[in-house]
Each structure stands twice: as C-alpha cells, then as structure tokens.
Amino acid sequence: MNGIPPAIESILARLCGGVITEKDYVGYFMNEYGEELIFAQRRDDKTARLWHSDAGWEMFRVGDHSIRVDEAMDGVITVDGLIISRQEATWLSSCLAASRHLRQK
C-alpha cells in the first residue's frame, strides 16, 4: 500500500457504477433517509450526470433547467421524471451552479 488514499472520483464511481474520473466536477449528498446522490459534470458536456441510490443508481442527465416543480402533482419536485426532495433539489441546484462554467463553450 502506498499510503495515498484513493481519489474521491474512483470511490463515487464504484458506489454508483458510473464512469467518473478526476476530470469531472463531482458532488455527493446523503439525505435524511440515508439515500445517496452523486453528481458529475465533465468539461464541455452539455449536461451533467446524476445518480440516486433510491432509483437503483440509474443515471439521469441534468442541466440548468432540469429541476421542475410539478403543478399537476401538487408541487412535487422532479428531475427528468425522478422525484426529489427540496433538500436534494437545493444541493443539485448548487452543483449545477458550481459547474456551469464547464458546460459553456
């Protein structure tokens, strides 16, 4: 063992089963139920990737206008059909804002 801890990107990639490298801006969130969310934005990709443990680690593509408040479902917050909590939406919004410069060309 070389004494160097593994990079957070490789740990998160193993957790969600996605491809995440040191070239990605990454975010991690655990909600009050222990459900985990992972965000990854690669430079010059038009959208970021979002994984949610409660959705079986399915990958969702997200961008600056992905977070929606659904009037038909009485204010439920969704991202590409995935229902998320207000806290998750706040975290995701922060990740999208922090990585916006990577999506611009």
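1. Helices (H or I, at least four residues) and strands (E, at least two) are DSSP runs, numbered from the N terminus. Helix α1 spans residues 8-16 and contains Leu15. The model is a predicted one: local features need pLDDT of at least 70, side-chain atom pairs count only at pLDDT 80 or more, and totals for chains, interfaces and linings use all residues. Residues are numbered from 1 along each chain as its sequence is written, and side-chain values use heavy atoms, with hydrogens and water left out.

2. How many salt bridges does the structure hold? There are four. A salt bridge here is a side-chain nitrogen of Lys or Arg within 4 Å of a carboxyl oxygen of Asp or Glu. Asp24, Arg42 and Arg49 are linked in a network of such bridges.

3. Take Arg42 and Asp24. Their closest N and O atoms are 2.9 Å apart. This pair links distant parts of the chain: Arg42 is in strand β2 (residues 36-42) and Asp24 in strand β1 (residues 24-30), 18 residues apart. Buried means under 20% relative accessible area, exposed over 50%, and partly exposed in between (1.4 Å probe, protein chains only). Arg42 counts as partly exposed because its relative accessibility is 25%. Asp24 has 7%, so Asp24 counts as buried.

4. Asp24 also meets Arg49 in a salt bridge, at 2.8 Å from N to O. This pair too links distant parts of the chain, with Asp24 in strand β1 and Arg49 in strand β3 (residues 48-52), 25 residues apart. Is Arg49 buried or exposed? Arg49 is buried, because its relative accessible area is 6%.

5. Another salt bridge joins Asp64 to Arg103, with 2.5 Å between the closest N and O atoms. The pair links distant parts of the chain, 39 residues apart: Asp64 sits in the loop between β4 (59-62) and β5 (67-70), and Arg103 in helix α3 (residues 100-103). Asp64 is partly exposed, at 36% relative accessibility. Arg103 is at 10%, so Arg103 counts as buried.

6. Ala40 is found in strand β2. With a relative accessible area of 0%, Ala40 is buried. What does Ala40 touch, leaving aside its neighbours within four places in sequence? Its contacts are Ile20, Asp24, Tyr25, Val26, Ala48, Arg49 and Trp51. Contact means heavy atoms within 4.5 Å. Ala40 and Val62 are 22 residues apart in sequence, and their C-alpha atoms are 9.8 Å apart in space.

7. Now the surface. Leu15, Tyr28 and Met30 form a nonpolar patch, with about 270 Å² of accessible area together. Patches are made of residues with over 30% relative accessible area and no salt bridge; like charges are joined within 9 Å, nonpolar side chains (Val, Leu, Ile, Met, Phe, Trp, Tyr) within 5 Å. The areas come from the Shrake-Rupley method with a 1.4 Å probe; for residues, only the protein chains shown count as cover. Leu15 counts as partly exposed, at 33% relative accessibility.

8. Three strands form an open sheet in the order β5-β6-β7, with antiparallel pairing. The edge strands are β5 and β7 (82-84), each pairing on one side only. Neighbouring strands of this sheet are turned by 40° against each other on average, direction ignored. Axes are lines fitted to C-alpha atoms, for helices over the stretch in contact, and angles run from 0 to 180 degrees between N-to-C directions. Two strands pair if DSSP finds at least two bridges between them. Four bridges join β5 to strand β6 (residues 76-79). Val69 stands opposite Ile77 in β6.
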